[in-house]
Amino acid sequence: MSELREILGVRHPILLGAFGGLSSISLTAAVSDAGGLGAYGLYGYDGERIRSTAAALREATDRPFALNIWLPMGDEVEPGPQHTVFAQALEPFYEAVGVDVPARPERYLPSLDEQLGAIWDAAPAVLSVVFGVPSAEIVEEAHRRGIRVVGTATTVEEAVALDAAGVDAIIASGSEAAGHRVSFLRPAADSLVGTFALVPQVADAVSVPVIAAGGIADRRGVAAAFALGAQGVQVGTAFLRTTQSAATDAHRAAINQTAADESVLTRAMSGRLARGARNRAVRAIEASGTIAPFPMQNWLTGKFRAAAGEQNLGELQSLWLGQAAPLARLDDATAVFDELVAGL
């Protein structure tokens, strides 16, 4: 435990899950101020937005925090003629929230180089990555700048690959976890290993500290993770229901009301497999059989999901949540953090 704390520069080895699209300055700062490692997801952020976000985080906290990016897997599609076909398939959802069917953009995502350039300028304590192994150039440049690198694995094989790449710590993400399954060596549907099985096997296979993620929401989950060989925990859903979260009231209600066996793994909202509540949008898109590849589907649904969030329409949002959702409580983030610390 002390080794991971020293690596990350924190008092307590408790990490905030990096919510792509749901991160907030106040929640990230609250976890860092409490002695853990706050994290902010930069999915879809261009360089300018990354720099402004990092500046806001530094104003909010003087403690270490992590910035998280998605590595490109090589199968991402670019805007093309098929955009219109898939956009029209989602027209009922645009109508439901009062927005126009979106025209084809120049790009769906900023380039990795653009994001990294801004991250180097921002100089966070930690760069965390999902969906792949960071290149030797990324790891070397991060270390040259004093930035720690944390990778994310859903299988032992992925953890071994990250270890060989020279990352400083590895998040072992069990299939109970909320949001996207960040598998990269095999399809996500073939990489669904539970936290209880994954963590000890990863701990045995790698030379760096392991951080357990998935199904951890209170002191019992923390104690179990350490018994399995983890040196830290990453917690998402339990913090997503706190008052500092960027989640809508409808999303918080879904976390409270979705039983462990009711969350689903779906590609409906983004084109990649992710765990959340099966609301009206998920059911309808799955039933239609028309799901665009990533990141087109994520961009297209994002146009009505954003409006639905502003209108607090939970049935049309991405209600990401994990199987431990019933354990999450509506409270201040510091109180939730204190509960987790009690399990150390």
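The lining of the largest cavity holds five nonpolar residues, five polar residues and no charged ones. The structure is a predicted model.

**Cavity**

- One cavity of 30 Å³ or more turns up in a search of the whole structure.
- The space in the largest cavity comes to about 30 Å³.
- Its lining is made up of T266, M269, G276, A277, N279, V282, Q317, S318, L319 and W320.

**Second largest pocket**

- About 330 Å³ is the volume of the second largest pocket.
- This pocket has 19 lining residues, and those nearest its centre are P72, E76, L109, P110 and L112.
- By class, 12 residues of the lining of the second largest pocket are nonpolar, three are polar and four are charged.

- Strand β4 covers residues 126–130, and because five of its five residues are buried, the strand is largely enclosed by the rest of the structure.
- V126, S128 and V130 point one way from β4, while L127 and V129 point the other way; all of these residues are buried.
- Strand β3 (residues 65–70) pairs with β4 in the parallel sense, over five bridges.
- Within this pairing, I69 has V129 of β4 as its bridge partner.
- Strand β5 (residues 148–153) is joined to β4 by three bridges, and the two strands run parallel.
- Helix α7 (residues 136–144) belongs with β4 and β5 to a β-α-β unit, which is right-handed.

- Strand β8 (residues 210–213) is covered on both faces.
- On one side of β8 the buried residues are V210 and A212, and on the other they are I211 and A213.
- Four bridges hold the pairing of strand β6 (residues 169–173) with β8, which is parallel.
- I171 has I211 in β8 as its bridge partner.
- β8 also pairs in the parallel sense with strand β9 (residues 232–235), over three bridges.
- In β9, G232 is the residue that stands opposite I211.
- From β8 the chain passes through helix α10 (residues 219–227) to reach β9, in a right-handed β-α-β crossover.

**The sheet of β7, β11 and β10**

- Strands of a sheet pair through backbone hydrogen bonds, in either a parallel or an antiparallel sense.
- An open sheet is formed by three strands in the order β7-β11-β10, with antiparallel pairing.
- β7 (179–180) and β10 (264–266) are the edge strands; each has a single partner strand, so one side of each is left without a neighbour in the sheet.
- β7 and strand β11 (residues 274–276) run antiparallel and are joined by two bridges.
- A274 in β11 is the bridge partner of H180.

**Aromatic pairs**

- A pair of aromatic rings is described by two values, the distance of the centres and the angle of the planes.
- The count of aromatic pairs comes to eight.
- One of the pairs is Y43 with F294, a tilted pair with 6.2 Å from centre to centre and 45° between the planes.
- This pair links distant parts of the chain, as its residues are 251 residues apart.
- Y43 sits in the loop between β2 (38–41) and α3 (47–60), whereas F294 sits in the loop between α13 (280–288) and α14 (296–310).
- Y43 counts as buried because its relative accessibility is 18%, with the limit for buried set at under 20%.
- F294 also counts as buried, because its relative accessibility is 6%.
- Y94 and F304 make an edge-to-face pair, with 5.9 Å from centre to centre and 70° between the planes.
- That pair too links distant parts of the chain: Y94 lies in helix α5 (residues 91–97) and F304 in helix α14, 210 residues apart.
- Y94 and F304 are both buried.
- Y43, W70, F131 and F294 are linked into a cluster by ring pairs.

Definitions and conventions:
Residues numbered from 1 in each chain as written. Predicted model: local features only at pLDDT ≥ 70, side-chain atom pairs only at ≥ 80, totals over all residues. Heavy atoms only, no water. 1 Å grid on protein atoms, 1.4 Å probe; cavity = no way out; pocket = protein on both sides within 12 Å on 5 of 7 lines; lining within 4 Å. Points joined across faces, edges and corners; volume = space filled by probe spheres on them. Nonpolar A, V, L, I, M, F, W, Y, C, P; charged D, E, K, R; others polar. Buried < 20%, exposed > 50% of the residue type's maximum accessible area, 1.4 Å probe, protein only. Pairing = 2+ DSSP bridges. Right-handed = clockwise from strand over helix to strand, strands pointing away. Phe/Tyr/Trp six-rings, centres within 6.5 Å; stacked < 30°, edge-to-face > 60°.
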